[in-house]
Amino acid sequence: MQLYKNMAIEHGPISDRPYQMSIEALVAKYQTDLEGGLTSNEVKRRRNLYGLNLLKKQKNRSRLSIFLDQFADPMIYILLAASVAAVIFEEWLEAGAIAVVILITCSIGFLMEVQAIKSMEALRTLFRTQTRAIRDGKSIKIPSEELVPGDLIVLEEGDVVPADARIVHNQRLGVKEDILTGESGQVDKTCQVQLDELEICDQRNMLFSGTIISRGTGRAIVTATGSETAIGQVEELSREATSTKTPLDKKLILLNRHLINICLGLVIIVFGVGVLRGKDLYLMIETSIALAVAAIPEGLPIVATVALARGMLKLAKKNVIIKKMEAVQTLGEMGIILTDKTGTLTENKMVIHDIFLRNLSLKNWTPDKSDLLKHHPDFERLILTAILCNSYNLEREHGDPLEKALFRLAKETDIDTISLKKQFSLVEELPFDSNIRMMMTLHKREKEMVVSAKGAAEEIISKCHFPADEYSSNYWHTIADRMAAGGLRTLAFASKKLNSAALDLDSVSDLEFIGLIGFLDAPRADVKSVIDAYHQSGIRVIMVTGDHPNTAKKVAEDIGLFEQVKDPATAVISGKDLPALDKLDPSLENNILQKVIFARVLPVQKLQIVDFFQRNNYIVGMTGDGVNDAPALKKSDVGIAMGIRGTEAAKDVADIILKDDRFASIQSAIYQGRTIFENIRKFVVYLMSSNFAEIAVVAFASFSDLPQPLLPLQILFLNMVTDVFPALALSMTVVDGNILNRPPRPADEPIMTKYHWKATAIYGFSIAIWVTAINIYGSFFLRLDPVMVNNMAFYTLVLSQLFNLFNLPEAGLSPLVNELSKNIWIWVAISLSIFTIMFAQQIPTFAVALTLVDLAMEHYLIILLFSFSSFIFAQLLKNTLRI
């Protein structure tokens, strides 16, 4: 779909596009009337033809669907297979225990997603908007959804435009279109025909659904409703965009694939060798089930789910709603943030940035510079003109954002605007018009008549005279051009005292030029420090906006976006200059990868930019709030929408919602994401090394004449109970804040790197040696019966796995003084694990199920000695091999 080039105007040949048609031709095409609108009968006919003025809504997922989706996980598939195998061989306890694990894991994921949906629903504004239309010659209020093409609608300041429409009457009409185009500031509208082929942001005689009337009044003929509107076509693009699997999903799938291969390989080898050696077939089947159970870390899904859920809940307290748990961890891997400008990096509020008067230039205006301004001879005339030539309604707080900023300037310079306006009475006003690009007022104070004018610099300057001893018109043109090039919206001011009480635009000339004021949508106060923090974290921040390149560049300079760029001039590209990224010549790829600002981009281009960086192996985060951002939010690895200003379209497809709209909130989420991944790694190494030890001792016993050191239910008990407590405790480890100063991990780096597999093998090998050793010692030296030997091996494995926790800190750190030993939950988990084993031994039902018997005190001392030896041996190997 070619989007925005011809958006919402696909009505036939180019001459039939509403913005290119005369009002007469428009009325004829839509068979309406400029005075009376449509008739009621015609409205009914068209509603049957076009339907209601509603966007297609994505079907809400049912609670059952959400619950069933939790089972779509390879690890769950493995557990289900193990449970089915246990049922086939009538190992009912094993089957039931595995089923409980599956149910717990899926229930946690289900509850967290449902909670996120409830938070989303709380953010929605559930009301029906009304609009004023003229039908049967009468002005009536109707629900916006009842509009049809051809309806004549009446709009005024503060209204939300209910459908796409062509303006037929315009009284100073100004519109905020950033929700659709991404362009900050107000767009001045006109009734004039536009003959060129234009993009949405340049169609000055059109109104688009969802935008807001910020000034003036007008009438318009509806040209498109529902899904045929500009917003409707962007939402269609959102539906077509495909969301990608999260990096954690991909890495867990890869890990699970390795586990499946290991599981199948071990089962086949051990079963085959045992049968060839003439061992009992049922015993080998039981051993194979034991190996399958040992190879699968049953506690991993529970621990991973709890770790993500915990991060999700912690972020909720910081105004960050996580719709999908895996998105928490994805933030930790994010290498690029593609961010909208308006309202995300900026306040979405126009403020005064520069003031130029004769012999005075105030850049980066702040109230503490007011003394410099107040002592200037032209200050009084500037403020007087700014307040008199101003239609902003202070009581209703409605009007042009630039005019509001002028009142703010007066307040910052201690001017009582109410008293000032009371001194003057309005005689006549020529409102701002996009054709003349200026506004004029005539006021009277006693016998004095004052003309005040403000508007585009070139128009105001053309109405002024410049004495030879003052700055020339060329000087002021140069200043105005420089301000515009710097991304500022510029207004010029002039005034004159008159003798006449009539104001005629054509006759007014020889105004006295006062000066220029430049406005900017100011950056948020905390954004610069946040950008610096992201850069220190190795995360690139790239601005993707529908706004003008100069405006985007100015904001980027103010927030430090260019600090890591050698040549800022080459770091900006406009949408019209952006090549097709899906067919990009490889020689141009690096050039595009170095861009920091993508300006004047269309929604389809935002989508292509996300895909481009993903194809270049980046984990891409995308922030946005408008309908125009929705397709890219859905496509990105982690979509981040604004909770206050965000449209429903943006919030529906996003993974994360910032309730306070603060860009800085993402930083907390990144820390949480990186912490979660580091802790996931720790407990995966812990669980895998424990399981490796279980596999090794069972496999060795099956190849020898040693008694079976571990029974299937004992292994399941270890994996589900005693292993889970420490793993959960690991997920609660507080990681050093320096983690934010590290670069993000490569997108293709697995959970288990070669280093982690090596560490897993060493820790597992150390445990297996000493569990096998106590098996041999109990069988051949103490000559105990097989059940007692089994119990000694089982208890040794339990304690060895608990000691194994202190193997996990990185090389160079003390095994006893580190972030893990400072985690109180580790000690709680160790205590719980030991208590659980003691409890199981003392309760007859559990003791029988687990085949546990009483041992002598000397046996327990031997168990402790062998267990601690596994830890010492692991530390020796770790330091020798520098793991």
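**Chat: burial and cores in a predicted chain**

Me: How many helices and strands are in the chain?
Reply: The chain has 31 helices and 23 strands. Both are DSSP runs, numbered from the N terminus: helices are H or I with at least four residues, strands are E with at least two. This is a predicted model, where local features need pLDDT of at least 70 and side-chain atom pairs count only at pLDDT 80 or more, while totals for chains, interfaces and linings use all residues. Residues are numbered from 1 along each chain as its sequence is written, and side-chain values use heavy atoms, with hydrogens and water left out.

Me: What share of the residues counts as buried?
Reply: 56% of the 883 residues. Buried means under 20% relative accessible area, exposed over 50%, and partly exposed in between (1.4 Å probe, protein chains only).

Me: Cores next. Which residues touch the most other members of the largest nonpolar core?
Reply: Leu-516, Phe-663, Ile-666 and Phe-683, out of 142 residues. A nonpolar core is a set of buried Ala, Val, Leu, Ile, Met, Phe, Trp, Tyr and Cys residues joined through side-chain atoms within 4.5 Å.

Me: Where does the largest share of this core come from?
Reply: Helix α24 (residues 665-703), with 15 residues. Apart from this core lies another, of 30 residues, including Ile-352 and Phe-407.

Me: What is Phe-683 in contact with, leaving aside neighbours within four places in sequence?
Reply: Leu-300, Val-303, Ala-304, Ala-307, Ala-727, Leu-730 and Ser-731. Contact means heavy atoms within 4.5 Å.

Me: Why is helix α11 largely enclosed by the rest of the structure?
Reply: Because eight of its eight residues (326-333) are buried. Among them are Glu-326, Gln-329 and Glu-333.

Me: Switching to Thr-131. Buried or exposed?
Reply: Thr-131 is buried, at 4% relative accessible area. Thr-131 sits in strand β1 (residues 130-135). Beyond four places in sequence, Thr-131 touches Ile-140, Lys-141, Ile-142, Ser-144, Leu-147, Leu-155 and Pro-162.

Me: Where is Ile-834?
Reply: In helix α29 (residues 824-842). Ile-834 is partly exposed, with 34% relative accessible area.
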